[in-house]
Amino acid sequence: GISNPLIWRCPTPKIQQLYKEHITANHLDVGVGTGYFLKKCIEDPNSRIGLVDMNVNSLEHASKKLAEFNPETYKRNVTEPLLLACEDYDSISVNYLLHCLPGDIEVKGEIFDELNEYLSDDGVVFGSTLLSQDIDRPFFARMLMKFYNEKGVFHNENDSLGDLMNALSARYRTFNVEVVGCAVLFWGKGPKKRN
């Protein structure tokens, strides 16, 4: 209610709209947070929902919030092989996750390769991230990002729009990015076959 509209200048309803446009009834959420967007945006009561997070508290909180869907939960670190024994998903979300991962976008982009192992041929990966490069950042956003980077909460000092577009175009048949304040909302559809 505060950070999104006032500091990052990306109103929460914009992210909610991204979810509503791309979430399917066969969905995997990676980096689940509180489960807020899933709870708001799942429309099919028979949806298959998977949750991936390395934080057991986040997994428990989100799975309780989404208990009516009996979600599949996986305690995993997304920077390592996920090793999920499951059928493919038709949509996968990574909301506000990339800017928390170590490395530059080229390194972070490798998580798309891992996620694509669990994505159907016409499936979509979507999400949002906060950038430090190629965008206009208001004063308070610059200061808060600097603080979070110094504390190791964020790792986005070198994250740029161009690098994110390159990561998506290398891995998906079609993709889109939309800059909203300090955030970029993105999706990639139809994973390219890996060599």
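This is a predicted model: local features need pLDDT of at least 70, side-chain atom pairs count only at pLDDT 80 or more; totals for chains, interfaces and linings use all residues.
Residues are numbered from 1 along each chain as its sequence is written, and side-chain values use heavy atoms, with hydrogens and water left out.

**Cysteines.** I looked for disulfides (a pair of cysteine sulfur atoms within 2.5 Å) and found zero in the structure. Cys100 is in no disulfide, and its nearest cysteine sulfur, on Cys182, sits 14 Å away. I then checked Cys182, which is in no disulfide either; there the nearest cysteine sulfur belongs to Cys10, 9.2 Å away.

Cys100 has 30% relative accessibility, so I log it as partly exposed. Cys182 comes out at 0%, so it goes down as buried.

**Positive phi.** I went through the backbone next. Arg9 is not a glycine, yet its phi is positive, about 60°. I placed Arg9 in the loop between helix H1 (3-7) and helix H2 (12-22); helices (H or I, at least four residues) and strands (E, at least two) are DSSP runs numbered from the N terminus. Arg9 is partly exposed because its relative accessibility is 46%.

Asp134, also a residue other than glycine, has a positive phi near 70°. I found Asp134 in the loop between strand E5 (119-130) and helix H7 (139-151). Its relative accessible area is 55%, so Asp134 counts as exposed.

Note on methods. Buried means under 20% relative accessible area, exposed over 50%, partly exposed in between (1.4 Å probe, protein chains only).
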